[in-house]
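Hello,

Here is the structure I said I would pass on. My notes follow below it.

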Amino acid sequence: MRILYLITKSEIGGAQVHVRDLMQSMVKDGHSVALMSYPGGWLAKEAENIGVKFYANQNFSNSLNPLNALKAILNIQKSVKDFSPDLVSIHSSGAGFFGRLAIRSRIPTVFTAHSFAFTDGAPVWRKIIAIVAEKIVSSYANKIICVSDFDRRLALRYRIAESEKLVTIYNGAGSAGVGGAERENIILANGRLAYPKDYMLLLDAYNLANLDSLRLEIISDGPDRGEIERKISELKLESRVVLLGNRTQAEVREKLLKSKVFILISKHEGLPLSILEAMSAGLPVIASNVGGISEGVDGSCGILVANTKEDIARALITLSDEIKQKQMGEFARKKFEEKFTLDRFLEETKKVYKDIFKI
């Protein structure tokens with residue numbers, strides 16, 4: 001089978017890791033694979049390492065510019081003509097719209113919603129545009145994969161597609177391994193320094209909790225870095241908060257195994273891979289109660305919080321207790337192994353591919 005993957009951005013992120021894992025597995029199974037994305041990022045390099053053909057699309061973005069949209073669609077059609085895929089697997093909102101509009105059911109198509117742009121917590125104007133856009137192109141997908149039941153229910157609520165077309169397949173992550181007995185006093189956050197992540201709120205909450213015993217370390221980079229650095233300085237947290245920048249997956253896993261608590265504060269999400277990776281490392285998780293996060297994190301393995309500095313600070317104080325850290329971390333590891341492994345995710349996704357072709 002020949003499979004073409006489309007995703008808007010090539011920068012490192014949960015959706016990009018998801019696509020990389022799929023491509024790697026499909027190549028291993030003997031399929032021919034190609035990728036189209038915005039050029040020059042992490043995923044483009046990963047595609048080269050895997051040995052899949054890469055098509056650059058300079059016009060992939062979430063822009064509403066009609067000329068840009070037309071160019072993006074034409075680029076997709078050119079890649080389809082060149083690669084002749086049997087299946088197109090599309091990821092993220094921009095590529096999701098352009099890709100389905102370009103192909104229009106002429107080739108079997110699967111769209112994966114990593115978090116619908118009209119999710120709860122998104123700006124009203126964005127929700128309206130996203131709902132209309134999704135209704136226009138939803139008929140051009142044989143299946144729509146949702147990474148959480150929350151997203152599946154959201155699609156049904158707004159009548160994006162009939163129930164039979166929607167399927168929930170939880171994200172899956174490779175195990176980070178088992179941490180040593182001696183972990184460092186680190187609260188770890190891992191997520192792009194950009195919307196919808198809310199690092200400003202996290203810093204206010206961490207400052208309020210006043211935890212001298214646990215320092216906050218943040219992995220990743222992004223356009224909000226300067227603003228976050230100014231906030232750290234304003235709160236005089238330079239000695240207790242560290243911005244680590246982008247790290248390789250191996251370095252992320254090493255850091256997870258050395259930390260005591262994982263935290264993710266966000267305005268909206270699907271089911272983030274970063275949380276699943278933390279659970280695989282035996283870390284208790286503090287996370288915003290948004291999107292499908294509650295399907296991964298419950299009271300046994302972490303604390304779900306409202307997006308207020310007071311609620312987040314209370315959770316941080318609660319999980320400064322080492323006994324609770326260990327208890328919840330053990331449950332987190334167990335839940336990961338039961339529901340969120342990479343093998344399970346790959347197997348369920350391949351079944352969707354096979355069902356489309358009845359093979």
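Please note that this is a predicted model.

Salt bridges. The count comes to 23. One of them joins R240 to D212, with the closest N and O atoms 3.9 Å apart. This pair links distant parts of the chain, 28 residues apart: R240 sits in the loop between helix 8 (225-234) and strand 10 (241-245), and D212 in the loop between helix 7 (199-209) and strand 9 (215-219). R240 has 15% relative accessibility and therefore counts as buried, whereas D212, at 65%, counts as exposed.

R225 pairs with D221, the closest N and O atoms being 3.6 Å apart. Both partners count as partly exposed, R225 at 22% relative accessibility and D221 at 28%.

Within helix 12 (residues 322-339), E337 and R333 lie four residues apart, about one turn of the helix. Their side chains form a salt bridge at 3.0 Å, N to O. E337 is partly exposed, with a relative accessible area of 46%. There is also a network of salt bridges that links E184, R215, E217 and K255.

Helix packing. Helix 3 (residues 66-83) packs against helix 4 (residues 93-103) at an angle of about 60°, and their axes are 9 Å apart. Helix 3 is therefore oblique to helix 4. The crossing of the two is right-handed.

Surface. V124, I128, V132 and I136 make a nonpolar patch of about 380 Å². V124 belongs to helix 5 (residues 124-137) and counts as exposed because its relative accessibility is 60%.

Regards

Technical notes
Residues numbered from 1 in each chain as written. Predicted model: local features only at pLDDT ≥ 70, side-chain atom pairs only at ≥ 80, totals over all residues. Heavy atoms only, no water. Patch = residues over 30% accessible without salt bridge, like charges linked within 9 Å, V, L, I, M, F, W, Y side chains within 5 Å. Areas by Shrake-Rupley, 256 points an atom, 1.4 Å probe, with all protein chains shown as cover. Salt bridge = Lys/Arg side-chain N within 4 Å of Asp/Glu carboxyl O. Buried < 20%, exposed > 50% of the residue type's maximum accessible area, 1.4 Å probe, protein only. Axes fitted to C-alpha atoms, helices over the stretch in contact; angles between N-to-C directions. Parallel < 35°, antiparallel > 145°, perpendicular 65-115°, else oblique. Left-handed = near helix turned anticlockwise from the far one by under 90°.
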